[in-house]
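Take a look at the model below.

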Amino acid sequence: MSARQYTHYIDGRFDGKETSYVDRNSPATGEMVARFASGEPADMDRAVAAARAAFDNGPWPQMSGMERAAMLNKYADLVHDNFDKLVRIEVEEVGKPIRFARGDIGGVVGLIRYAASLAMQMSGTTYTNLGAQKTALLMREPIGVVGLITPWNFPALILMQKVPFALAAGCTVVVKPSEFTSGSAFELAALATAAGIPEGVLNVVSGKGSVVGKALTQNPGIDFISFTGSTRTGQTVIEDSAKNVVKTSMELGGKSANIVFADADLDAAVDGALMGVFFNNGECCVSGSRLFVQSSVADEFVKRVAERSARLKVGNPFDEDTDIGAMIDEKHFSKVLAFVKSAVAEGAQLLTGGHAVEPSQGNFVQATVFDRVTPSMTIFKEEIFGPVLSVTRFETLDEVVGLANDSVYGLSNYVWSKNIDTVMTMAKKLKSGWVQANTIIDGAPQLPLTGVKGSGFGYEMGQAGFEEFTQLKTLFIHTGPRQPVFSQ
Ligand code: NDP
């Protein structure tokens with residue numbers, strides 16, 4: 001099998017420029033699966049110039065919402081037609097199990113169709129209560145040229161939580177995908193052109209974040225940066241984009257609590273505990289990696305979670321029955337195993353897993369469950385981004401609220417209880433952008449995602465996510481004779 005090779009996608013075509021490449025080796029087999037052009041700041045400058053020209057002089061922002069929606073729907077059709085190819089790319093480059101990759105690409109199609117519907121509804125507000133001679137129009141306009149920086153864990157899905165919303169608003173886009181997993185971004189850009197979306201509207205430059213990512217955030221031609229990634233890199237992006245006083249949106253890390261009350265449907269909650277931490281190899285920002293179980297049911301509940309975790313199949317992500325694939329690269333694989341070591345050293349009780357899958361050429365970590373984790377332990381505090389669950393027991397609602405909120409992050413939290421009072425009280429007390437009850441890592445294109453505290457700010461998806469890509473211009477109109485203010 002020959003590796004896919006991509007040059008930058010600028011102005012509606014692959015530029016084909018002679019360049020050096022970032023090689024992507026499969027995290028499951030070690031085999032090279034793709035090569036992405038290793039961009040330089042000058043490549044980013046060309047892409048931003050193309051997007052700037054497409055915004056300032058091109059047809060895209062001038063089209064009616066109906067026209068943009070028609071093209072976005074055609075785009076969704078083409079993505080659907082290329083479903084299997086995109087799924088294969090995600091499995092090869094990320095190492096995620098194929099059934100989860102199918103969910104990602106299905107989600108991409110839904111996101112584009114939903115964003116198309118928003119293109120038709122873009123509107124502002126009129127104030128008619130300002131006095132007989134005064135009217136004000138809040139005109140909603142596209143924000144301009146947007147820079148999108150995305151991580152490796154959901155390369156297509158997270159990218160498309162942004163791209164179609166930006167396009168629906170009439171923006172033009174430059175994407176910097178993760179250097180590990182740029183393949184689907186290139187394929188999705190080429191499909192946009194095939195759907196009739198004009199040249200220069202969607203551009204992709206691959207390469208190192210410290211080089212082309214930085215060049216994007218510092219480029220004066222950019223009007224808005226939407227970033228998804230680690231909190232540390234997010235801070236750098238904020239600093240760099242501040243030089244041009246550019247708006248940013250930050251979808252950052254998380255350390256979510258998955259809270260099980262004794263009155264929950266415990267069968268569903270056991271499955272939810274597994275989904276919370278092992279979905280997408282545990283490489284998931286909204287992973288429910290801190291499990292809190294009410295003491296009266298904890299012994300039996302934790303036993304069931306550990307037994308089922310031990311039976312999960314870890315290995316070839318192309319196998320239909322694989323539950324956990326490979327960690328993204330060796331460095332991350334070692335980092336996950338170092339967290340496991342720290343947990344043992346700090347006194348957590350290892351119930352299952354706790355080691356790599358041997359022998360193997362890939363970065364496979366066995367599903368791992370630690371019980372008796374306390375707030376002072378490293379695995380309670382740090383985002384592990386791997387298949388490692390920490391369990392902490394609690395007695396009362398107030399106690400678990402304190403434990404759950406004891407985090408620098410605030411992305412998502414999950415509650416399992418049949419009591420609506422408990423669910424509503426928890427939803428109000430938990431400090432996170434997202435709370436789910438009796439389900440986990442669920443979602444829909446209509447529902448915005450956001451973080452609080454170290455998990456960031458700004459919205460992604462939903463009407464609120466769409467509006468991030470717009471700005472309001474206030475037009476104040478006076479009609480008829482105007483009283484002079486100065487008499488001289
Ligand atoms: P990183 O922060 O390492 O990278 C994210 C992106 O930023 C990559 O494209 C990276 O490029 C780029 N980048 C790196 N340095 C810079 C820089 N100086 N300037 C501009 N861009 C730069 O995150 P990961 O890819 O490791 O993703 C995992 C993290 O993402 C986790 O913390 C996770 O929680 C978070 N995340 C948050 C989500 C949310 O919705 N809140 C969703 C998914 C993930 P390159 O990799 O090529 O160097």
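Twelve nonpolar, 13 polar and five charged residues make up the shell around the ligand. The model is a predicted one. In total, 30 residues surround the ligand. Thr-150, Lys-176, Ser-230, Cys-285 and Glu-383 are the closest of them.

Which elements supply the shell? At least two residues each come from helix H8 (209-217), strand S11 (224-228) and helix H9 (231-242). H8 gives the most, with four residues. Domain 1 (4-252 + 451-474) and domain 2 (257-437) each provide at least three residues of the shell.

The side chain of Lys-176 places an N or O atom 2.6 Å from an oxygen atom of the ligand. Backbone atoms contribute too. A polar backbone atom of Gly-207 is 3.3 Å from a ligand oxygen. For Gly-209, a backbone N or O atom lies 3.1 Å from an oxygen atom of the ligand. How much of the ligand's accessible area does the protein cover? On its own, the ligand has 910 Å² of accessible area, and the protein covers 89% of that.

Move on to the largest nonpolar core. This core holds 100 residues. Among them, Tyr-75 and Val-79 touch the most other members. Helix H4 (residues 98-119) gives the largest share of the core, 13 residues.

How values were computed:
Residues numbered from 1 in each chain as written. Predicted model: local features only at pLDDT ≥ 70, side-chain atom pairs only at ≥ 80, totals over all residues. Heavy atoms only, no water. Near = heavy atom within 4 Å. Polar contact = N/O pair within 3.5 Å; in protein donor to acceptor, adjacent residues only side chain to side chain. Areas by Shrake-Rupley, 256 points an atom, 1.4 Å probe, with all protein chains shown as cover. Nonpolar A, V, L, I, M, F, W, Y, C, P; charged D, E, K, R; others polar. Domains from an automatic or database assignment. Core = buried A, V, L, I, M, F, W, Y, C linked by side-chain atoms within 4.5 Å. Buried < 20%, exposed > 50% of the residue type's maximum accessible area, 1.4 Å probe, protein only.
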